[in-house]
Amino acid sequence: MKSLMKKVVLATAVAAAPLMVGTGAMAEGEKYILVSHAPDSDSWWNTIKNGIALAGEQVGAEVEYRNPPTGDVADMARIIDQAAASSPDGIITTLADFDVLKGPIRAAVDQGIDVIIMNTGTPEQAREVGALMYVGQPEYDAGFAAGQRAKDEGVTKFLCVNHAIQQPTVGERCRGYADGLGVELGNSMMDSGTDPSEIKNKVLAYLSANPDVNGILTLGPVSADPTIAALQENGMAGEIHFGTFDLGEEIVKGIKDGIINWGIDQQPFLQAYMPVIILANWDRYGVLPGNNINSGPGFVTKDGLAKVEEFAGEYR
């Protein structure tokens with residue numbers, strides 16, 4: 001029965017699709033700008049770019065991606081001001097540093113521009129700046145879930161490699177992880193920087209000075225990839241528990257090879273895709289989801305890599 005129903009739904013959708021494409025409402029030409037805190041060097045954000053591009057194509061809206069080349073949050077604040085000055089129909093933005101970005105975002109809202117917060121920040125912060133909603137992964141909750149899982153898998157003392165120390169919400173992953181383990185964060189969170197060689201050397205030095213560490217958490221490909229290299233160099237690859245946030249080519253390979261136990265997928269594609277769809281429907285029909293959208297966390301293990309490998313760096 002379920003298979004038959006699925007076929008009926010699919011046939012109905014296929015039959016209806018040409019009618020939807022032909023309606024004027026699907027090509028009204030709104031302009032939406034997504035502003036992120038990511039530096040140009042962070043390839044993880046390619047999935048975000050793919051998400052807004054596909055959503056824009058599907059709803060007939062113009063979409064644009066802007067970011068500070070070096071990841072400087074003060075520069076990002078200026079970019080939000082510039083985006084608002086161009087009077088788009090909507091702005092989708094991360095809220096990497098509430099104190100720095102709340103002013104420009106609130107100014108855009110006061111100007112009459114619809115804003116959706118995505119990826120970083122919290123639903124509470126989104127409400128405070130006047131945004132329509134928040135689409136993303138609750139960072140503390142995701143970290144807590146990771147810590148609970150790591151505890152069940154035998155981790156007692158850990159290193160959290162934080163490559164984005166200047167973004168307070170990202171650090172919530174480390175704090176949640178510690179609480180999930182039931183231990184103090186203390187000096188377990190490392191300010192690693194973003195240089196791959198520096199990250200590798202810092203991880204090697206920390207593990208050498210703290211031989212009782214039996215778990216590592218990295219916060220994305222920027223810190224995960226050099227950490228993999230560090231563990232391969234000191235012979236601990238596959239011997240120490242290793243969890244990471246986000247996915248990427250080296251992370252997927254690490255999971256497959258047994259170096260990484262699991263990756264936490266916050267589904268960046270949805271974080272970019274959904275705001276464009278939501279803004280278009282809000283602009284055209286005045287409909288808006290009643291709640292914020294949690295895009296993660298989802299744990300990806302060796303057993304669930306097929307779809308991830310197929311779409312890694314594109315939609316995953």
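How many disulfides does the count come to? The count comes to 1 disulfide. The structure examined here is a predicted model.

The disulfide joins Cys160 to Cys174, with an S to S distance of 2.0 Å. The torsion about the S-S bond of Cys160 and Cys174 is about -55°, so the disulfide is left-handed. Its two cysteines belong to distant parts of the chain, 14 residues apart. Cys160 sits in strand β6 (residues 158-162). Cys174 sits in helix α7 (residues 168-181). Cys160 has a relative accessible area of 0%. Buried means under 20%, so Cys160 is buried. Cys174 is also at 0% and is therefore buried.

Cys174 is in turn one of the contacts of Leu185. Leu185 lies in the loop between α7 and β7 (189-191). Neighbours within four places in sequence are left aside here; Leu185 is then in contact with Phe158, Cys174, Arg175 and Ala178. For Leu185 and Arg175, the C-alpha to C-alpha distance is 6.2 Å, at a sequence separation of 10 residues.

A helix pair was examined next. Helix α2 (residues 46-59) and helix α11 (residues 268-285) have axes that come within 7 Å. The axes cross at roughly 30°. Angles under 35 degrees count as roughly parallel, so α2 is roughly parallel to α11. The crossing of α2 past α11 is right-handed. On the α2 side, the contact is made by Thr47, Ile48, Asn50, Gly51, Ile52, Leu54, Ala55, Gly56, Gln58 and Val59. On the α11 side, the residues are Pro268, Phe269, Gln271, Ala272, Tyr273, Val276, Ile277, Ala280 and Arg284. By class, the contact of α2 with α11 has 12 nonpolar residues, 6 polar and 1 charged. Arg284 of α11 is among the contact residues, and arginine counts as charged.

Another position concerns helix α10 (residues 249-256), where Glu249 is placed. Is Glu249 buried or exposed? Its relative accessible area is 70%. Exposed means over 50%, so Glu249 is exposed. Glu249 and Val308 are 59 residues apart in sequence. Their C-alpha atoms are 9.8 Å apart in space.

Methods. Residues numbered from 1 in each chain as written. Predicted model: local features only at pLDDT ≥ 70, side-chain atom pairs only at ≥ 80, totals over all residues. Heavy atoms only, no water. Axes fitted to C-alpha atoms, helices over the stretch in contact; angles between N-to-C directions. Helix = DSSP H or I, 4+ residues; strand = E, 2+ residues; numbered from the N terminus. Parallel < 35°, antiparallel > 145°, perpendicular 65-115°, else oblique. Left-handed = near helix turned anticlockwise from the far one by under 90°. Contact = heavy atoms within 4.5 Å. Disulfide = S-S within 2.5 Å. Buried < 20%, exposed > 50% of the residue type's maximum accessible area, 1.4 Å probe, protein only.
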